[in-house]
Amino acid sequence: MIRFDTDPESLAGALAGHHFIDGALVPAASGKTFPVINPATGASIGEAALGEAADVDAAVASAKKAQKAWAAMPARERGKLVAECGRVLAEHAEELGRLVALETGKALRTESRPEGNVLADTFVYFGGLASELKGETIPYKPECLTMTVREPVGVVGAIIPWNVPMFLMALKIAPALVAGNTVVVKSAEEAPFCCLRVAQIMGEILPPGTFNILSGFGPECGGPLASHPDVAKVTFTGSVETGRIVYRAAAEKLVPVTLELGGKSPMVIMADADLDRAVDGAITGMRFTRQGQSCTAASRMFVHRDLHDAFVERLVARVDEMVMGDPLDEATDIGTIVSPQQFERVQRFLKLAEEHPDATLHRCSKVPDDPALKGGLFVQPCVITGIPNDHEVAREEIFGPVTCIIPFDDPDEGLALANDTDYGLAATVWTNDLKLALNAVHTLEAGFVQVNQNVVVQPTLPYGGFKTSGLGKEADLHAMLEHFTHRKTIIINLS
Ligand code: NAI
Ligand code: MG
């Protein structure tokens, strides 16, 4: 047994070069690896196993072999084991938080430690729902006992992103496991070690094969997983573009999918809103502490013209006070962008905004001057005014710390602008007028709508988008029942 301590570098070093298949750390079939880089310094953290089709075959075979016995276990026993994973993961929350901070550049205090905690809580939550895997009885004929039962779908393939890797993985695997499925995860190439460590911790509790995890790149490892004939359900979080590829692979096999895709989520601030609370909400909503790398980020803020200038001034002042720095430093509010590719993407959009004649870019906070962080992918959070809603910067998901503030004059106009997008993940409204609020929540085309608050996704709150933001919900009981079970109809004729 490899020994670990809570130092994230040595943890990553000890996990390097491995997948987790059939209850054990194993090297890639090809023996190949790829480097994982600390985005705060540019230094290598370690080499991750490069997963390809042969690794997918091994992991799926293990999951398939384990699935019947796992499904045959009484539901509450499975639930207890999954909840026990949550209890033990909670003991490792600090260690996991440090590891995810090292890999993704997300600040420990504001983002990575909370992720370690919500990861554990997600397993506890779903573990407790096991006895809710109920069917129905149907009054078909008096001489027949007619019912439905819920059965697991089989082996679930999960493809996850890097922005909240452990939590987004938990939203998939916890309900899948409780429902009696076994799972193969393909982690994001930017953040493989935190998820691998989760697997290793869970491997002490769950039977071998119930939960497998592979690291590797999208087309070479995610592709074969999505299209594997023994994968009976695919669940994906990531970009719209990749979501379409995954959906096509599932369509070929005619298996169900859950897709959590991008967003360009609006926040609408009506004329009567409490401005200070709205500014607080804008900071949480835009996920400035995560460098805006969130599918729910409130990256379009529509503000009534009467409040516009005051809102911009207060928001810019508040964001300006936030501290950018070493993700592992407790004083840091904002860490780095995850990768050079994402860094370039954000720069490209900032340049496009700069080129617009009416745009003003309010660049906030300061890039740290610590020489140890000089290779870090720091981007100043940016509040943009003067950009119209049909500009590329206001339409496309930037996935960086960039938000556009757009004024409106009339509530209906504000809501129409908010809905004028291909996406439909989340929306927020700020008003104390009951009629305005009710009209807004019914009008907004988004799967997750909040009034006068802006909380992040958490277990118990069903979460998922409309329009190109995806298919299906995650995070609650219905998500588990609808997305990880089949309903079988049974008719027993007793005549
Ligand atoms: P991506 O959607 O390409 O990657 C997400 C996951 O899909 C990763 O595990 C990746 O390896 C895998 N993948 C990539 N290509 C694949 C393929 N052909 N078959 C199967 N799996 C594949 O996202 P990426 O490249 O990390 O970021 C690009 C943009 O996507 C971001 O700028 C952002 O706009 C969006 N995004 C949205 C996320 C969300 O939470 N909804 C999360 C991450 C990115
Ligand atoms: Mg990609």
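Helix α6 passes helix α7 in a right-handed crossing, a term that applies if the near helix is turned clockwise from the far one, and left-handed if anticlockwise, by less than a right angle. Helices are DSSP runs of H or I with at least four residues, numbered from the N terminus. In this predicted model, local features need pLDDT of at least 70 and side-chain atom pairs count only at pLDDT 80 or more, whereas totals for chains, interfaces and linings use all residues. Residues are numbered from 1 along each chain, chains are lettered from A and ligands numbered from 1 in the order written, and side-chain values use heavy atoms, without hydrogens and water.

The axes of α6 (residues 165–178) and α7 (residues 192–203) come within 10 Å and cross at roughly 35°; axes are lines fitted to C-alpha atoms over the stretch in contact, with angles from 0 to 180 degrees between N-to-C directions. P165, M166, M169, I173 and L177 of α6 are in contact (heavy atoms within 4.5 Å) with C194, C195, V198 and M202 of α7. This contact comprises nine nonpolar, no polar and no charged residues; Ala, Val, Leu, Ile, Met, Phe, Trp, Tyr, Cys and Pro count as nonpolar, Asp, Glu, Lys and Arg as charged, and the others, Gly among them, as polar.

A right-handed crossing is also formed where α10 passes α11. The contact involves residues including L275 and I283 of α10 and F311 and R314 of α11. By class, 10 are nonpolar, none polar and four charged.

Ligand 1 has 26 residues around it, of which W162, K186, E189, S239 and E397 come nearest. An N or O atom in the side chain of E189 lies 2.7 Å from an oxygen atom of ligand 1.

How values were computed
Helix = DSSP H or I, 4+ residues; strand = E, 2+ residues; numbered from the N terminus. Near = heavy atom within 4 Å. Polar contact = N/O pair within 3.5 Å; in protein donor to acceptor, adjacent residues only side chain to side chain.
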